[in-house]
Amino acid sequence: MGGLKNAAWAAALAALLWQGHALAASPAPAVSHKPLALETVLLRGPAGQITLAEVQALAAISVPPEQRAVVLGSRNSLEQLALAAYTQKALAAQARAAGYDKNEQAQYAERLAATRALSDSWMAHQSELQKPADAQLEKLARSMFANDKASFAEGPRVHVRHLLVRPGEGRTDEQAQAHAEALLARLKAGESMEKLAREESADKGSAARGGELPPFGRGRMAPEFEQAAFLLQKPGELTGPVKTDFGYHLIELIERLPAAEPVFEDYRDRLIEGLRIRRQQQIREELWREAQKDVQYEQAAIDAAVGGQPAVPLKSAPPAAPAPAAK
């Protein structure tokens, strides 16, 4: 249940634009809405190819459920998952070519890895099947909000539109910045941010709304984005390009909003998603504990192992050919 989830790229994903529980509302990398076949090849190399199905399977056993949608929706992390799957395939091919797969210890490790992958996938499947209905979660979320309403209070907020230009797909970082600057010039010349965001923004979620983001307060966005947005004073004022982990943003102020009494509807989706994730984690933990029922340790064997008594030697891999003698 460890694996890739502690890798640096996974940590970076959790700190994109929205912080904390607000990931679902953040500007997301552009993704295709046309479903791909599972056999679609994402990466090729001398050791073979990696398909979408293989990447999704790797994500299912190595990425926490609450991060999986974000990971699979990010070009950078999708590429890294594909590369990780390919690297494992290439190294396994090297091991087989060297005859190392005949080593008894390697065979134990391979069987254990397969068992672990299947058990992790089973727990993920069961947690999905047993997740509560949205109506149940909403009822609980309303109760939580009512009991701790003060903690949801926010200070002044800003309401903005943004347009995202991302590097990638043949566009370098410098080219992305230059394109963002060209779009900013068009906005300053009088073009509509709403229209241009629909046509040009790589954040397809907000692009469908003309670049509009939900109002947000301090501490909810990436520092660079937040700082630039809060510097805007008058509706229609523009700033950018602002660089974040996503790429380059152009930002237009819709309005500044004073501190207000928190309203449940503003937090509903976030609270429900948090409760769903927590419940799915509980289901996995319950399955784990249930599977451990009626186990019995073989104390004599454990005492012997702890005491350092020699075990039966494992078979070795075939010896390498001797190196030629130096002349």
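Student: Let's start with a pair of helices. At what angle do the axes of helix 2 and helix 4 cross?
Tutor: Two packed helices are described by the angle between their axes and the distance between the axes. Here, the axes of helix 2 (residues 52-62) and helix 4 (residues 75-97) cross at roughly 95° and come within 9 Å. Axes are lines fitted to C-alpha atoms, for helices over the stretch in contact, with angles from 0 to 180 degrees between N-to-C directions. Helix 2 and helix 4 are therefore roughly perpendicular to each other. For the wording, under 35 degrees is roughly parallel, over 145 roughly antiparallel, 65 to 115 roughly perpendicular, and the rest oblique.

Student: Before we go on, what kind of model is this?
Tutor: It's a predicted model, where local features need pLDDT of at least 70, side-chain atom pairs count only at pLDDT 80 or more, and totals for chains, interfaces and linings use all residues. Residues are numbered from 1 along each chain as its sequence is written, and side-chain values use heavy atoms, with hydrogens and water left out.

Student: How many helices and strands does the protein have?
Tutor: Twelve helices and five strands. Both are DSSP runs numbered from the N terminus: helices are H or I with at least four residues, strands are E with at least two.

Student: Back to that crossing. Which residues of helix 2 and helix 4 meet?
Tutor: A contact means heavy atoms within 4.5 Å. From helix 2 come Glu54, Val55, Leu58, Ala59 and Ser62, and they meet Leu78, Leu81, Ala82, Ala84, Ala85, Gln88 and Lys89 of helix 4. By class, that contact has eight nonpolar, two polar and two charged residues. Ala, Val, Leu, Ile, Met, Phe, Trp, Tyr, Cys and Pro count as nonpolar, Asp, Glu, Lys and Arg as charged, and the others, Gly among them, as polar.

Student: Which residues does leucine 72 touch?
Tutor: Leucine 72 sits in helix 3 (residues 65-72). Leaving aside residues up to four places away in sequence, leucine 72 touches Val55, Ala59, Leu78 and Leu81. Leucine 72 and valine 55 are 17 residues apart in sequence, and 8.8 Å apart in space from C-alpha to C-alpha.

Student: Is leucine 72 partly exposed or buried?
Tutor: Buried means under 20% relative accessible area, exposed over 50%, and partly exposed in between (1.4 Å probe, protein chains only). With a relative accessible area of 29%, leucine 72 is partly exposed. Across the protein, buried residues make up 31% of the 327 residues.

Student: Which residues of helix 8 are buried?
Tutor: In helix 8 (residues 193-200), they are Met193, Leu196 and Ala197. They cover an arc of only 100° around the axis, which puts them on the same side of helix 8. That arc is taken from the directions from the helix axis to the C-beta atoms. The buried residues of helix 8 pack against several elements, including helix 7 (173-188) and strand 4 (238-243).

Student: Where is the cis peptide bond?
Tutor: It runs from glycine 240 to proline 241, with omega near -5°. Proline 241 is in strand 4.

Student: And what about aspartate 294?
Tutor: Aspartate 294 has a positive phi of about 65° although it is not a glycine. Aspartate 294 lies in the loop between helix 11 (264-291) and helix 12 (299-306), and counts as exposed at 75% relative accessibility.
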